[in-house]
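Subject: Structure handover, salt bridges

Hello,

Here is the structure you will be working with. Please open it alongside this note.

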Amino acid sequence: MDANEKKEVIKKKYQEIAILGGSCCSGSSCCGGDSSPVDLSKSLGYSESDVQSVPDANMGLGCGNPTAFAELKPGDIVLDLGSGGGFDCFLAAKRVGSSGKVIGVDMTPEMVEKAQANAQKYGYLNAEFRHGDIEALPVEDSSVDVIISNCVINLAPNKEKVFREAFRVLKPEGRMYISDMVLLADLPDELKEDSGLLAGCIAGAVLKEEYLRLLKKAGFSVEILAEDSDISGRQYGGLPVESLKLKAWV
């Protein structure tokens, strides 16, 4: 599959999830099988209060909890790359308060509509959602204090573009906090072309060393905060992957 074909596979799957629910994976060996969004989120470090605060927005699609380690403060302008139903955006919106703002960007119109409906339902006036590609962000230069992203950048065919765009929109001294899936060893070619694993955050992932290299090439300094290799057994059928938590800054 070329880059456009991969994006169409991903968009179709997440359209389905936005409308019908379900997980990002099609097989029981991926994404925790039949685990509920609540159970999956708790296994990734979200609290009971987190998952109950905006239940319609928690779709169990992450591989970490970036709002837990993002150093957010009142007044911050926050951008979420791949905002889905808005779960992380709403948690961030609580922390930045009415003087701050959270912008969610997602490539799937149905997800943007779902997030907008959730914002209205739960009264988040400081959260907005935009349809767009994280390889070409609909965000102004040097306008964001903090970027968060939860298990989304692996889906982008051109990760170098994503990181360059992130660098572009961050203010001087801006920070980015990421939870994402990376490979610890190369996958066989047939798995790299598997549409289920592509939408499931595995087939599009790159080796950890390559991920870090691309971040630094885009201009970021990088600190690894944590690595969850146990997620391979919990959610990904023992494939050579881990959830990488990191901070990158301008």
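Below are notes on the salt bridges.

This is a predicted model: local features need pLDDT of at least 70, side-chain atom pairs count only at pLDDT 80 or more, and totals for chains, interfaces and linings use all residues. Residues are numbered from 1 along each chain as its sequence is written, and side-chain values use heavy atoms, with hydrogens and water left out.

The structure holds 18 salt bridges (a side-chain nitrogen of Lys or Arg within 4 Å of a carboxyl oxygen of Asp or Glu).

One of them pairs arginine 175 with aspartate 76, at 4.0 Å from N to O. This pair links distant parts of the chain, 99 residues apart. Arginine 175 sits in strand E5 (residues 170-183), and aspartate 76 in the loop between helix H4 (66-69) and strand E1 (77-81). Helices (H or I, at least four residues) and strands (E, at least two) are DSSP runs, numbered from the N terminus. Arginine 175 is buried at 14% relative accessibility. Aspartate 76 is buried too, at 2%. Buried means under 20% relative accessible area, exposed over 50%, partly exposed in between (1.4 Å probe, protein chains only).

Helix H7 (residues 159-169) holds arginine 164 and glutamate 160, four residues apart, or about one helical turn. Their closest N and O atoms are 3.1 Å apart. Arginine 164 is partly exposed at 39%, and so is glutamate 160 at 23%.

Arginine 168 and glutamate 165 also lie in helix H7, three residues apart. Their salt bridge has a closest N to O distance of 2.8 Å. Arginine 168 is partly exposed at 25%, whereas glutamate 165 is buried at 14%.

Best wishes
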